[in-house]
Amino acid sequence: MPGHTEHPEPTPTPAPTYSEAPEAVFPTHPAQGPVSPPHSVTYSHTGQSLPDTMHSSYAPTPINGPGEKQYPFQPDSIGQAPEYDTSMPPPEKAYPGQPVPQYQNTQGLPQQFYTPVGHPSGYVTAVPLHSVQSAPCPVDCPVCGERELTRVEAVSGGTTHGWAAILCFCCCLGCIPYLMASLKDVEHSCDKMIRLIFTATAIITSSSAIYFYIFHERLSKRIAHKAHIGTLSTAIKTPNIESIPETVFSDEYFTLYDYASQSVSRACLPSSESTDLLFKRLVRRNMRAFSRFPQALVLAMASKTPEQKKSFKAGYLGALDFEVGDLVCGVYRVVLRRRDRIEFEIKMETVDFVQGRLAISYEESSSRAEGKVVFCSETVMWKRAEEVRKMPLERPVLRWMHETAAWWLMDSGIKYLVDLEG
């Protein structure tokens, strides 16, 4: 054919030959999954098979890198659900008091502890004390140093009293401001401080009660004491008080009787003074000490006349000879005076249905050199049998306080006389 050029047929390229099996690649990380049983693979070009070691050590390259979980791309094992990664930190605290979620650490990683963001109390900011309003707000307490939400309480203050005075002057309705919370002052208090005050008060009160109980028991071992409630004629020890009316010993009167005494060797007392002078010193000292007791302070506040107020002064009590008619501590008036005995009439205006006697005396043995002196204190109160109101000593707490005071005055008074020797 004209213009036709024949081209030679291309020489076929021979098939590649492999002189040896490809080099096996061994990964540096552990296998991530099961490996199929070893078997032989034959290449179609050469008919040679790969070594079994290549199949047994080969593993796919991890997607996320060595040592990391492959889920969701690659499960941990066939037929088993993958484990979730619990190493993520918990969410931040949403509000004060929310419990922190608990996560179980299954990866062997270091334990992570959750620290809330902000102040430990849950309040990030605190209101300055000079900026507090009528509503509760978080403040830094200047007493306990803690940040707490305050407690508010409406109390009557200067604004309340001012409006009350204006309304009382204008329309005689001065009580209205005291009924309106908007006209009262607002006091902020710390709940933790209140709890601390209550706790401290409870501790102090219980400690004081335990101390006075132990003190009372110790005094009872040094003081000879007796008590009687009922009719005086049936008492084991009849009072030696001469100023008690005879009618009081009948069934028409209900009585309370308390007796306390303590003895001391005459050799322990000052030999330069007579016993009756030492006795007067004892009564003076005990009355001055009693004028500082809580019971006497209450009596002093209730005193009205100048004579009653004067009877509590230490200078007045220190110069008394306790003659008939002398008033001591507002309610004790001398009705009998002897060398070895002083009897007081107990007369209280607030409890006019009660009458009583207080007698302080001493007894001395005939032998002054080797004998003893016994100092006594007796208290008697009575009322009509049909009277339903209670006398002060009928109340257990007041009777316990009276016993403790009378015993301590007797014990400390004798120690005062012994110390006069020096």
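Modeller: Start with a term: two residues are in contact when heavy atoms of one lie within 4.5 Å of the other. This is a predicted model. Keep that in mind throughout.

Biologist: Which residues does Ile229 touch, leaving out those up to four places away in sequence?

Modeller: Ile229 touches Phe254, Thr255, Leu256 and Arg399, with residues up to four places away left out. Find Ile229 in strand β4.

Biologist: Is Ile229 buried, partly exposed or exposed?

Modeller: Buried means under 20% relative accessible area, and exposed means over 50%. Ile229 has 48% relative accessibility, so it counts as partly exposed.

Biologist: How far apart are Ile229 and Leu393, in sequence and in space?

Modeller: They are 164 residues apart in sequence. In space, their C-alpha atoms are 9.9 Å apart.

Biologist: How many bridges join strand β5 to β10?

Modeller: Count the bridges along each pair. Strand β5 (residues 253–265) runs antiparallel to β10, and 13 bridges join them. Within this pair, Tyr257 stands opposite Val380 of β10. On to the next pair: strand β9 (residues 355–364) meets β10 over 10 bridges, again in the antiparallel sense. There, Tyr362 faces Phe375 of β10.

Biologist: Where do side chains point in a regular strand?

Modeller: They alternate between the two faces of the sheet. Follow a strand with that in mind.

Biologist: What lies between β6 and β7 in their hairpin?

Modeller: A hairpin is read as strand, turn, strand. Between β6 and β7 there are three residues, and Cys329 in the turn has a positive phi of about 55°. The two strands pair antiparallel over two bridges. Val328 stands opposite Tyr332 of β7.

Biologist: How many residues does the hairpin from β7 to β8 pass through?

Modeller: Two residues link β7 to β8 in that hairpin. Six bridges join these antiparallel strands. Two opposite pairs can be picked out. Tyr332 faces Ile346 of β8, and Val334 faces Phe344 of β8.

Biologist: Which residues have the most contacts inside the largest nonpolar core?

Modeller: A core is a joined set of buried nonpolar residues. The largest here has 46 residues, and those with the most contacts inside it are Met287, Phe322, Val328, Tyr332, Phe344 and Phe375. The elements that give it two or more residues are β5, α4 (275–290), β7 (332–338), β8 (341–346), β9, β10 and α8 (396–419). A second, separate core has 11 residues, including Leu232, Ile244, Tyr253 and Tyr259.

Biologist: What does Phe375 touch, not counting residues up to four places away in sequence?

Modeller: With those left out, its contacts include Ala260, Phe279, Leu282, Ser361, Met410 and Leu417.

Biologist: Is Ser361 buried or exposed?

Modeller: Ser361 has 5% relative accessibility, so it counts as buried. Its place is in strand β9. Among the residues it touches are Phe279, Asp340, Arg341 and Phe375.

Biologist: What is the volume of the largest pocket?

Modeller: The largest pocket has a volume of about 1,200 Å³. Now look at its lining, which has 40 residues. Phe290, Leu299, Val331, Tyr332 and Met348 lie nearest the pocket's centre.

Biologist: Which element gives the most to the lining of the largest pocket?

Modeller: α8 gives the most, with seven residues. Elements that give two or more residues include α4, α5 (294–301), α6 (306–310) and β7.

Biologist: How many residues of the lining of the largest pocket are nonpolar, polar and charged?

Modeller: The lining divides into 24 nonpolar, 10 polar and six charged residues.

Methods. Residues numbered from 1 in each chain as written. Predicted model: local features only at pLDDT ≥ 70, side-chain atom pairs only at ≥ 80, totals over all residues. Heavy atoms only, no water. Pairing = 2+ DSSP bridges. Helix = DSSP H or I, 4+ residues; strand = E, 2+ residues; numbered from the N terminus. Core = buried A, V, L, I, M, F, W, Y, C linked by side-chain atoms within 4.5 Å. Buried < 20%, exposed > 50% of the residue type's maximum accessible area, 1.4 Å probe, protein only. 1 Å grid on protein atoms, 1.4 Å probe; cavity = no way out; pocket = protein on both sides within 12 Å on 5 of 7 lines; lining within 4 Å. Points joined across faces, edges and corners; volume = space filled by probe spheres on them. Nonpolar A, V, L, I, M, F, W, Y, C, P; charged D, E, K, R; others polar.
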